[in-house]
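Please look over the sequence and the structure below before reading on. The paragraphs that follow then lead through selected parts.

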Amino acid sequence: MADLPGYMRACLHSGKLALLAILVSGGIVLQILACALYDNWWPMLSLLMYVLLPMPLLFFAGSDGSALFSESESGWVNATKFLTGASAVGSIAIPVILKHAGVIGWGALAMELSSFFVIVLAIMCFIRTSSEDEYRIL
């Protein structure tokens with residue numbers, strides 16, 4: 001990648017950002033469609049967990065995404081991992097519990113879970129993209 005001209009690297013970086021924007025937009029559209037198509041807005045409850053998902057990382061790890069993937073003896077990093085994992089499990093559990101209670105149908109559950117996986121894919125791509133040295137934002 002170092003042998004590419006600067007304008008080509010900037011174009012590739014813009015393409016990565018566009019892909020991230022498309023992924024996040026797709027996840028949000030799936031979330032809204034899970035509610036609107038079945039005329040039941042209870043699945044929006046899992047949106048709360050999407051908001052809470054990055055909070056431990058922002059508050060305890062200093063927005064360093066690589067802290068989740070490394071072994072650490074720090075209590076703050078371990079608390080971050082635990083709270084992020086609990087939020088991720090909650091993002092899956094809320095639609096499953098709603099389906100089990102008979103509040104939503106199978107279609108809404110499928111759209112909710114696919115929305116979760118698309119948003120998690122976007123988060124993982126963002127962490128990978130922002131961890132590259134040539135695109136690091138100071």
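In helix α4, the buried residues are Val77, Thr80, Thr84, Ser87, Gly90, Ser91, Ile94, Pro95 and Leu98; buried means under 20% relative accessible area, exposed over 50%, and partly exposed in between (1.4 Å probe, protein chains only). Helices here are DSSP runs of H or I with at least four residues, numbered from the N terminus. The model is predicted: local features need pLDDT of at least 70, side-chain atom pairs count only at pLDDT 80 or more, and totals for chains, interfaces and linings use all residues. Residues are numbered from 1 along each chain as its sequence is written, and side-chain values use heavy atoms, without hydrogens and water.

The 26 residues of α4 should span 38 Å at 1.5 Å a residue, and the 36 Å between its end C-alpha atoms agrees with this; the expected span is 1.5 Å times one less than the number of residues. At Ala93, α4 bends by about 25°, and Pro95 follows within four residues. The bend is the angle between axes fitted to the seven residues ending at a residue and the seven starting there. Just after α4, Gly102 has a positive phi of about 80°.

Which helix holds Leu58? Leu58 lies in α3, and Leu58 counts as partly exposed because its relative accessibility is 46%.

According to an unreviewed UniProt entry, the annotation "transmembrane region" covers residues 17-34, 40-61, 82-98 and 104-127; such annotations may be inferred rather than shown by experiment. Residues 82-98 are 100% helix and 0% strand, with end C-alpha atoms 24 Å apart.

Definitions and conventions:
Helices (H or I, at least four residues) and strands (E, at least two) are DSSP runs, numbered from the N terminus.
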